Every structure is written in structure tokens, then in C-alpha cells.
Amino acid sequence: MADGVPVSSTLPPSTIKSRPRYQGLQAVPTARHNLVAADGEGVRPVLRMLSGAPPGFAGRTHVLYAGSETSAAEDLDRLHSLGTAQVDVLPTSDDLIRALDGLLSTASMGTRLYAAGTEGFIGRVLTIAIGHGIDHKSVLTEHSGSRARRVQCVHCKRITEDVTVSIFECAGCGVLLFVRDHYSRRLAAFQGVCANAEDPSQRPVPEEAYP
Amino acid sequence: MALDFHTETFRDDFTFYNSPEAIRRFPFPFDRDEYMYSVNIETHTPGPVGSVLEHPIDVDEHYVSEMRDRALVLAEDPLRCQSLPHMDLAGWDLLELLMTNMASDYPDHFSLEQGPGNRWHWVNRPLGIDDTFVFGDTSTLPPRPGGAEGGEPMGPMEYVTRQSQGDFCLLDQRDDNLWMDAGITTTQADWSLDFDIGMNFFEWHGPVPLAHEMGVFDRALKYLLNLQQSRAARRLNWTMTINPRLDTSPENYHKWGIERSTVTPENVGEKVHLRVELQVFFRLPRSNAIVFPIRCYLISLNDLVTVPGWGQRLHRVLSTLPPELAEYKGLSGYLDVTRAWLAKYDEAAART
Amino acid sequence: MSFSDVSHKEELLVRVEDVAQVADRVKRFRLVPVDSERLPAFSGGAHVTVMMDNDERRIRNPYSLMSSPACTHAYEISVLRVEESRGGSHYMHTRVSPGTELWITPPGNLFPVHQLARKHILLAGGIGITPFMAMTAQLSTLRHRFELHYAMRTEASGAYGKVLKERYGDRVRLYRTSLGERIPLTDLLEDQPLGTHLYVCGPERMIDSVLESGRLAGWPEENLHCERFLPPPGGDPFVVRLARSELDVHVGEHESILEAVEAAGVNPPYLCRGGVCGQCETRVLSRDGVLDHNDHYLTAEERDAGQQLMICMSRFRGRELTLDL
């Protein structure tokens, strides 16, 4: 079981305790069945976990992978050569989430779920998992790849995907938002709050904070 | 003894005012000249007669107007009141807690008859409410006020908290943690229920600076996990608000934030308010949840300095406040001008 | 930081309305309030602590409430008579009869139902059935899915088996271990839908074995729950110094530090009296000897550090021990 120490530091440290931390993928040796969901560069931690896992683990593992252009046939070959029982490549994360939803609806206790990839992707996997009664603590997660964020505007509630800057204008209400580290698992999004309420003449310059 | 309810506003023209009695009983939170976090939880035992701690649930002269402001907030933004599905039983526990206490301690204004077959009859004279319902059966509760005739019944938490001062958070206890799984927030100091609902104790306190490192939340959580039905607990929290605005929500921050820049040396006394939250923690019997009422008290600095010693103490607290706390509490924009105004009430400052 | 004492509870005076022999060594006690019409409402899995004044000393034993949480005009508890020298069950069986008045604490719950579970599997061994009597009533009212598997030595020793079958039909399975019937744990763990939570209450060995099986079947820790009915273990007597009270307290063979300290007139906070909740955690100021940690609360590091002690369960062997009480 993950011991709470982050395996990779692809995410900068944050002072906010509500900023999620991803403990890193680690094989659960007692799991009867493993379901692994990965997007883009999330395949690296998956390969690392499988190659270090006890014998028989890969043979009880089903990987769902939403590859990107950068993912090579080599990664898929490697997954197979490690003895992974089943590997499904899906064209998009949406397809992957749908497939995962289907698998979870017939899965039993003893099945363990793992998610690796961008924060937005992990958030979506957790939402599906929680919808099936899985405790979020039971899901092993590791961040890999882009740090772009899903952001909810606290004023109009609109969600904006793939935000890589620290300040942006909400397309829903036009308010200039500062992207906080405060994160809601339920919404799978970070909070955006008006950046210049006390002095609207101020227009703080956005930084490329979450590439 | 009957209360004299005001007609006043907490927005727009801000006609809110405190009577001399309200000023006298205001829960001034500072017992020394500096402020730093502590767990500062104590048992919620009855305080002196006439104080805000006299009764487990405090109802005051602002009751009717606060409920009116609440109704306006909810009409504009229904997401301020949410309850995750498993929290219905906790909502009934809360309804029982509030109605029994209000009827018992303010019989001039509220009455409750608990009849056979769980048929309850509740009368709320100040708000003109006279309802019967079956305790535990949500289908027997009235629909949302202002909604369509014959609309869906409200849940028990919404129904009772539309008639109770202060915000309320219902916390489910599981996995050695507390989860904010239901609540109503129309008088909060700047956090969003819609965003925070579903978070655990450490997560919803995430943005609070310094306290985590001090272990304050670890100790507080341990205390609350062992909270028992027979012993409620309480603590005070404080911040400041410009104008007696109740709804200082992040949702509307882009509208009210500007008020923080409108403080001048001439208007400090009238505009700057000390805002104190009385937070209480009750263990609820049937759901094993904890309810956390957050009762808000406002006082203008003009009124505050009429109480001997308060002006001086507040001046000293503000003068020694760590910058991270001032920032987090949103005071930075007007801290200096407020301190300068308060200096004349501080013997030591006045002498220099 | 200022805490008030949290454990001095508003105790309730009850009168024993009825005592029934429900099985070999099990008596059921029905308690009604003396000073009011109703007792406090509670949640399934809650317990009350009964105060028993046994000549020289006061015994306080926690018992699960087995009556339905919907019923607040009486509580029901069951006590298994065990041959142990602490005397609690002996007291209840021999000195309590209809009309006896007892002081009890209001209900507290250390074994609640998990609100987000999709399904609840309840495993009871012997007297461990008691919390599940109340939990099944609650689950049934809330229309949650559940199954109860109840292992008893014989029909005669298994209180409530018949009642449970009558109430819940197929959702209850009974196993008479003296006839070789066993809860089919492996099968049970194998085929449950996601979101199933498991709860076990019974003898220590059963609890440990069920939890271990759950882990080995790949169930996450957060889905496994237990309640232990472990009395404080006895041991050689020793003396404890209470620094703040300036007292030297003798802890006898069959009493816990907490009990000895209470007998001496000091009332530290407590809740479960079984080493799991952390309320009675006490600072060790100095010692010359070995601490025997018998709790389920402190971490291994905390035990090794020897700065804290759960006084409801743990003991000491050595020359000198001073506690911050």
C-alpha cells in the first residue's frame, strides 16, 4: 500500500492542505483484480509499477489507456510483455471513462483501482469510482504529464478546462479569476476567485503557472 | 421575556443597528492584547443570564431581519443550501435540536408540540409560521417559500435553518474524520459551501494559514471525534467586515470586495465592523453526525468603543496581528486606517 | 490551548424493568428512565457504560444497546456471564434484578454504520451480536442492503437467533459452531459489489481472523470495521504516582490504571474503556520500568517513545511510574 510519500515531484509543493496529493502507484499484492486507468504520460508510472510488482500481479491486471500522440507502440508492447492480462487502448479519455464506468458496474470487492496521468484525468476517474461506492482513499493515483487545471468559477459556477495560467477571464461571467490551490474532489476542480475585487482597475498579469 | 425584533437590512442601504442591550452582550472575543490561533474549544455550558451564551441556541433582536436576508440569498443562489443524500437523518436530528431549544428558551415566540405518532406541531410567531408534520417523514414538510404551489417539500435541514440564525454545517463522522456533507451558508465569512461540500476537516480548513503547522487542527479533530451527546462544545472566531453585510460570500465577492477600499479616516467608526462567529459543536443522536452552527454577531467600531477597554484591546490585537492572518482575514486593505482610528482609545498609544 | 474535561458525563438514572435469561449464560436487561419519560435517542452500534458499586470499588462496564434506535422509552442490553475476576458480568447476573436502579452514561457510538456503504455485511460471534441488533433495526428502517451472519456455539447459547430470523428472514444466516457450521468467509468476501462494508464483533480471534481474511481478499482497510469487547487485562499489582494530584495509587491485579485512579477520586477523561478511542491518553512524566501497551490506539512509534499511555487498558512492570494526572 502507498505510504503517503509522493513518488514523483511533478507537482510543486503547495501551502494549501486541500491541494490533492497523489501518493504514487504501488501494486496492491492482495488485490484479486486490478483495474488501471491511464492517460498520456500516465503510462510511465503504470509500467514502473508492473515491472516492480510481485509475480502474478500483471496477470490479474486490466489496463485501460487513452494514449496520446507521444505514446509509442513500444509502451503497449512493454505492457504486454510484462504479462498484463488485458490492455485496452481507447481513442479519448471520454471513451476511457465510459469503458471504466461499465467495468466498475460489474466489479466486485477485491478489485483495486489505479489512476495515472493528468490531474484532470485522475479527478474524472475518482468521480466515477466514488459513484460506484469506492472510497477515494482506496484508489492509488500518480500524476504524470501536463499540470493544466480544471477550474470552477466561484461566482457563476462555470467550469473551465485545461487552464495553465494563474489568472484568466471567466468565459461565463467575465470576471477576472485567480486560480487557487483549493481543490474540490466532488467537482474535480480548483477554485477560481475574482482577482481584483478590491480594486477593479488592477489587472494582474497572468503567469504560465500550470503548463 | 419577549424580544423586540428590528426591521433592518444587511445590504444595499445597511439599516442594521445594535440596541444598547445588543452592544452590551456582544461576544467580544479577545481576552488578551495579542491574537494567535489556539484550539480554544470549551464546553458549551450556560453562560451568564442575558449573554449570548445563556442558551444553547441564541435568538436575538436581529432574528426576523436575518431570516429575511437569508431568504433573499437563497432565492438568488439556491446552492447555498445543500445536503448530500445520506444526510437526511442528520437533518432531522438538527430540526429536533433547534425546535426543542427555541421553544423551550423563547416560549413567547416559538412553540412545539410533539404529539403521538411523531406528529409535531410547530409555531413560529415572528415569522408567521404554523406547521404540522410527521417527524422523520420528509414528504410531510412544506415546500420552499416563494416556490410553485405544491412544489417539492424542503428537506428538514433547509426547513429548520430558514428559521434559525447563523450558518449550519452538518458533519458526517467516518474514517476517523469529519466530512462536511450538508450545510447552509448565507452569513459566512468568505468560504463557499458549494465548493467545500464533501470535504473533510483538513481539506475545508486547507486555506487557513499557519494553523496546520501548529497542529491546531489535529488536536481539534481528535476532540470533536469524541464529542458526546451530553456535552456540546464551542469556540469563538473573528474577522472584520466593511458595512454590516451578512452575506460576505466568495460567490458575491466580486460585488462586495470593493467595499474594502472605501474606508477613510472619517468613516472607520461607522463602516468597519468587528464580526464574531460563535461556533458550537453538538453531537446528533440518530445520525451520529456533528452539527456546527456558526452564529454571526456584528458591531460597528463606533459602538464597540463605547464599551470600556474594548477599543484599546482591539487596537493592540490589530497592531500585533501576523501579516498572514491579516491577509487571510481580508483586512489588509484597511488595517492601517483602522489602527490609526483606534489609537486614541489606547492609553499607551495616546501617550506616545 | 484550553480543553474542558470531556468525559464527566451527564449520567442517567435508570430502573431495571425486566431481566430475562435469553440463552445459556446470557441475560437481557430492560432499562427505563427514572427521572424522565424518554431516554436519549441513539444510533445503531452505540453503547452505554453501566456503573456498578461492588462493595469496595466501582466497576464501569460498557454494553452495546441492542434495542431499536427508534425506541426511546427503554434500552435493552445483554450481558454474557464470564468467569473472570473483574466482577462486572458477575455483578450484573447476581446483583441486578427488576427494580434495581443503575446509573448509566448517555449513549456514545464507536461502531457506527458507514453512511456511504452500498451494502453492509455484519459478522457476529457469540455475544458480539448485541450491537448488530440495533444496527439491523436502523439499516432496515433506512432500507439499506445488509446481511447478518451470526455464529454461535449452540442454538441454546445463541441469544436472538430466532428473533433475527423472524424479523429479517433470508438476510440472516445462523451458524452453530459446535455442529461444525462455519461462516463461509472466503465465499462471502469473494463476490460482493463495490462499496460493500464489513463489520465484525465477537471474540478477539474471530475479529483478527476476519480482518486478516478481508485484507487478503483485497478489501481496502477503509471497508473493514470491528468492535472489540476486550476487558482490561490483569497483571501484577504496581504503584502509579499521579503528579498533579500528588497521590500514589495502588493498581491491583484485576483492575486497570483508570479504575484504580477513579477509585482514588481522580476522574480522567475516558470513553470506550477498551483501548481504541484515545480519550484516556495520558502523558508519562517519568518511569523506571516497562510499559505494557494493551491498546489499539497508539502507533508503534508512540509505544516505543513511551511518552503516552492508554490507562484504560495498559499496565506497568517496574519500580516507578509517574503520570500527568
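Biologist: Is the crossing of H11(B) and H13(B) left-handed or right-handed?

Modeller: This is a predicted model, where local features need pLDDT of at least 70 and side-chain atom pairs 80 or more, while totals for chains, interfaces and linings use all residues. Residues are numbered from 1 along each chain, chains are lettered from A and ligands numbered from 1 as written, and side-chain values use heavy atoms, without hydrogens or water. Helices are DSSP runs (H or I, at least four residues), numbered from the N terminus. With the near helix turned anticlockwise from the far one by less than a right angle, the crossing of H11(B) and H13(B) is left-handed.

Biologist: At what angle do the axes of H11 and H13 of chain B cross?

Modeller: Look for residues 310–319 (H11) and 335–342 (H13) in chain B. Their axes (lines fitted to C-alpha atoms over the stretch in contact, with angles from 0 to 180 degrees between N-to-C directions) come within 9 Å and cross at roughly 145 degrees.

Biologist: Which residues of H13(B) meet H11(B)?

Modeller: From H11(B), the partners are B:Gly311, B:Leu314, B:His315, B:Leu318 and B:Ser319. In contact (heavy atoms within 4.5 Å) on the H13(B) side are B:Leu335, B:Thr338, B:Arg339 and B:Leu342.

Biologist: Which residue of chain C forms a salt bridge with A:Arg32?

Modeller: Let's turn to the interface of chain A and chain C, where 17 residues of chain A touch 17 of chain C. One salt bridge (Lys or Arg side-chain nitrogen within 4 Å of an Asp or Glu carboxyl oxygen) is found there. With its closest N and O atoms 2.7 Å apart, A:Arg32 pairs with C:Glu190.

Key. Helix = DSSP H or I, 4+ residues; strand = E, 2+ residues; numbered from the N terminus.
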